[in-house]
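Please read these comments with the model open beside them.

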Amino acid sequence: MTDHTQLADTFRRFADQQATGLSPLYAALSRAVARTPELLDLAAYTQPGQPAPNMLLGAVHHILRRGVQHPLAPYFTGHEHLTEERAADLLSDFSRRHAVQIRRIIGARSVQTNEVNRCAVLLPAFAALQQQLDDDRPIQIVDVGASAGLALLWDRYTYAYDGSLLTLPDSDPDTVLHCEIRGGTPPLSLDPARFTAAVGIEPSPVDVTDPEATEWLISLTWPEQTARMRALDSALALAARTPPTILSGTAQDHLADVVAQTPGDHHLVLVFSWSIYQIFGSPGGRNRLVDTLAELSEHRPLHEISIGHFGHDTARMIMASHDRGVSRSDVVAHCDVYGTWLDWLATPPARPSA
């Protein structure tokens with residue numbers, strides 16, 4: 001039997017640090033995998049660089065959502081609570097029955113979650129930036145690490161901040177994103193007409209018109225997060241009607257060209273939503289990003305909105321400007337990884353001199 005000590009530790013950490021409190025089901029199943037050699041053998045088929053717990057449990061969820069009948073199914077619909085005593089037996093039996101399909105899924109697919117509710121914390125940043133850039137020039141947003149591109153359609157959603165609805169001219173009433181304001185007064189007033197059609201950059205774009213691809217995105221959502229699943233499903237349906245524009249390739253493939261080709265009379269804003277370390281590596285990804293944008297800003301001023309943990313327990317939002325090789329940044333908010341709450345801390349960076 002292969003020694004999977006490190007892989008078992010990965011599943012235990014996932015249970016303790018991520019799933020506990022958010023998904024009792026995934027916490028129980030992850031601990032079951034950690035102590036079951038047969039399940040660790042199966043999880044080892046995950047592609048290098050992909051998080052094995054998300055992949056294995058996402059594959060199980062994906063198969064069950066197709067209507068497969070198994071005693072494990074009721075636990076994925078919230079109808080029953082799975083005890084840790086039964087978790088290993090049920091998951092082992094399910095995995096034996098569907099081992100070929102699970103290996104195929106986790107050996108070929110990747111985690112490409114597209115958390116649409118993060119738009120609820122990005123919108124105040126866009127509003128703050130518009131207030132900062134008060135010269136009426138168009139604003140071009142480029143989402144780096146766009147996945148399915150749902151954040152590119154930020155102006156098509158309806159927002160509920162502390163229960164009060166915010167609608168934009170093109171808001172879809174069926175796609176409502178909820179966000180709790182825990183502190184500060186985030187700016188929420190903006191003119192979407194000032195923003196040109198957003199563009200994404202993504203190594204493996206998700207085709208929002210492909211039901212198989214979008215079903216995988218939904219399957220990666222944890223079963224207890226029903227509101228998150230509904231919002232994602234609704235946003236994907238909206239995106240299928242008006243597919244976003246995504247450049248296929250890495251940031252290294254496209255960033256320089258995007259900077260060069262964006263019209264000179266446009267403000268260019270690069271958005272990184274939990275994607276910096278995927279692109280620039282860890283540790284030190286943030287510093288490498290700043291160096292890259294500072295170099296690109298020798299050609300034109302750049303604006304940046306980045307969200308991530310950056311070595312902290314609580315995620316934070318950074319707004320930055322890069323001009324003539326000089327970078328200035330401020331932490332303007334703390335927020336939830338799913339965009340369900342926002343603590344607005346400060347005003348955005350001062351507008352750079354011309």
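The numbered points below go through the helix packing and then the individual residues.

1. Basis. This is a predicted model, in which local features need pLDDT of at least 70 and side-chain atom pairs count only at pLDDT 80 or more, while totals for chains, interfaces and linings use all residues. Residues are numbered from 1 along each chain as its sequence is written, and side-chain values use heavy atoms, with hydrogens and water left out.

2. Cover of H2. Helices are DSSP runs of H or I with at least four residues, strands are E runs of at least two, and both are numbered from the N terminus. The buried set consists of Leu25, Tyr26, Ala27, Ala28, Leu29, Ser30, Ala32, Val33 and Ala34. These residues pack against several helices, including H1 (5-19), H4 and H9 (211-219).

3. H2 against H4. Helix H2 (residues 24-34) packs on helix H4 (residues 52-64) at about 120°, and the axes are 11 Å apart. The pair is therefore oblique, a class left over once angles under 35 degrees (roughly parallel), over 145 (roughly antiparallel) and 65 to 115 (roughly perpendicular) are taken out. Axes are lines fitted to C-alpha atoms over the stretch in contact, and angles run from 0 to 180 degrees between N-to-C directions. On the H2 side the contact (heavy atoms within 4.5 Å) is made by Tyr26, Leu29, Ser30 and Val33, and on the H4 side by Leu56, Leu57, Gly58 and His61.

4. Asp336. This residue sits in the loop between strand E10 (326-335) and strand E11 (341-344). Asp336 is buried but has no salt bridge, and the nearest side chain of opposite charge, Arg182, is 7.2 Å away. A salt bridge here requires a side-chain nitrogen of Lys or Arg within 4 Å of a carboxyl oxygen of Asp or Glu. Leaving aside residues up to four places away in sequence, Asp336 touches Trp274 and Trp341.

5. Trp274. Trp274 has a positive phi of about 55° although it is not a glycine. It is found in the loop between strand E7 (267-273) and helix H12 (276-280), and Trp274 is buried, with a relative accessible area of 16%.

6. Asp136. Phi of Asp136 is near 70°, again a positive value in a residue other than glycine. Asp136 lies in the loop between helix H8 (119-132) and strand E1 (139-144). Its relative accessible area is 64%, so Asp136 is exposed.

Note on methods:
Buried means under 20% relative accessible area, exposed over 50%, partly exposed in between (1.4 Å probe, protein chains only). Lys and Arg count as positive and Asp and Glu as negative; His and the chain ends are not counted.
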